[in-house]
Amino acid sequence: MLSFLCFLIFLIPLSLFSGLWWLVCSMMFFVSFIYLFFFPYFFCWSGLGYIFGCDLISYGLIFLSLWICVLMVLASESVFRSSYFSGFFLFVVIVLTILLYCTFSSISLLSFYIFFESSLIPTLFLILGWGYQPERIQAGVYLLFYTLLASLPLLVGILFIYNSLGSLCLFLLSGSGYLVGNLFYVCMVFAFLVKMPMFMVHLWLPKAHVEAPVSGSMILAGVLLKLGGYGLLRVFPVLFSFGFKFGVVWVALSLVGGLFVSLFCMRQTDLKSLIAYSSVAHMSMVIGGIMTLNYWGVCSSFALMVAHGLCSSGLFCLSNISYERFSSRSLLINKGLINLMPSMAMWWFLLSSCNMAAPPSLNLLGEIGLLSSLVSWSWCLMFVLIFLSFFSAAYTLYLYSYSQHGSIYSGVYSCSLGYVREFLLLFLHWFPLNLIILKVDVTVFWV
């Protein structure tokens, strides 16, 4: 694991030369390919050292981080073309990649916490440095303060665990449920629920997405929301005995909140805002699945996290492609795109269908597992899940039909096809999303 980290650090000096943009991009693709050979075949911890190690859930999220970070560079070609601090942009992306790699491969709760918080800083640089509107400063402050204030109690909880057990090693925490009290449980869980984000503490997410550049939106939706789910899966060995007491609160709040957020999506006119709110709705199902604490809920939540990372990131790429043509994200202007970019309409259809969990996407596998988990936990949830699934399909159809059909904006006077780079970018989002379902034991049967 350390040798792989050294290879990533080697890319930092290369990134400072803006002329080496495509070389760095190619080397990041090579790094992703090399990481395929680190797969933990025996579904246990491998590559163990004093600080870093990797099991299956770490492996999946590290690979997702590497993949999304490469695609961020590929999607941000306009930064290179306009020479807008392109060297520093590459530097920020590579530092973010390294921090995410360290976060997901940490075997100590304290090092996980440090890298978990450190990943905020490059994200903040992306939003403040390459965002679109002056409101990006407010969005950055929202992101920083929501996350930092919620995670300070987590640090206190981690220090309490160390004081009680004398160890913070992740695979030595199980069976320590006697530590748990009401306040300790909330301290440990709340930071991750804000990061996911759960309904009622989700207001930082739409702001951050709307003001962020395409690279910021991709990493936020693709990986940073998954830090919350990963953290919950890691700390629940400590909280297991107490999780049954509070589980009903989080499940009810997240699912009813997901239903409300789905309704919010139906009245959005901003493309990025709609996709951002849909992320909150999907993550509400993930929170519900984890909080049931049963086998299907825990495993399927991981599958949906990976699927949502690829699907949502691809939709943000599509909205950016439209933004580069129209200089607007409004659905009132981005209409009739099937006439302007007929070849892009296919990618809108494919990624929208994945977003509404159509087969053969990994989203379908994750959602079926979560539905069965939640209904087996309480049959009363069936009524909420019916409406949640229905409105999830409804706002995705609303996004697709309003953007592709209708009369085209009168200010557009020519047809615009996509670049090969854009088709490659969208293919590299869609293809893994539908390929992984052929190997479902990697994403589901890993406990």
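1. The most is given by α18, with four residues.

2. The lining of the largest cavity comprises four nonpolar residues, four polar residues and one charged residue (Asp, Glu, Lys and Arg count as charged; Ala, Val, Leu, Ile, Met, Phe, Trp, Tyr, Cys and Pro as nonpolar; the others as polar). The volume of this cavity is about 60 Å³ (the space filled by probe spheres set on the points). In the whole structure, the search finds four cavities of 30 Å³ or more.

3. The model is predicted, and local features need pLDDT of at least 70, side-chain atom pairs count only at pLDDT 80 or more, and totals for chains, interfaces and linings use all residues. Residues are numbered from 1 along each chain as its sequence is written, and side-chain values use heavy atoms, with hydrogens and water left out.

4. Helix α3 (residues 56–75) packs with helix α11 (residues 214–224) at an angle of about 165 degrees, and their axes are 9 Å apart. The two helices, α3 and α11, are therefore roughly antiparallel to each other (an angle over 145 degrees). The crossing of α3 and α11 is right-handed.

5. On the α3 side, Leu64, Ser65, Ile68, Cys69, Leu71, Met72 and Ala75 meet Val214, Ser215, Met218, Ile219, Gly222 and Val223 of α11 (contact means heavy atoms within 4.5 Å). The residues of this contact between α3 and α11 divide into ten nonpolar, three polar and no charged.

6. Two cis peptide bonds may be noted, beginning with the one from Met196 to Pro197, where omega is near -10 degrees. Pro197 is placed in the loop between α9 (182–195) and α10 (204–211). Pro359 and Pro360 are also joined by a cis peptide bond, with omega about 5 degrees. The loop that holds Pro360 runs between α16 (342–355) and α17 (362–377).

7. Although Phe85 is not a glycine, it has a positive phi of about 50 degrees. Phe85 lies in the loop between α4 (77–81) and α5 (86–105).

Note on methods: Axes fitted to C-alpha atoms, helices over the stretch in contact; angles between N-to-C directions. Parallel < 35°, antiparallel > 145°, perpendicular 65-115°, else oblique. Left-handed = near helix turned anticlockwise from the far one by under 90°. 1 Å grid on protein atoms, 1.4 Å probe; cavity = no way out; pocket = protein on both sides within 12 Å on 5 of 7 lines; lining within 4 Å.
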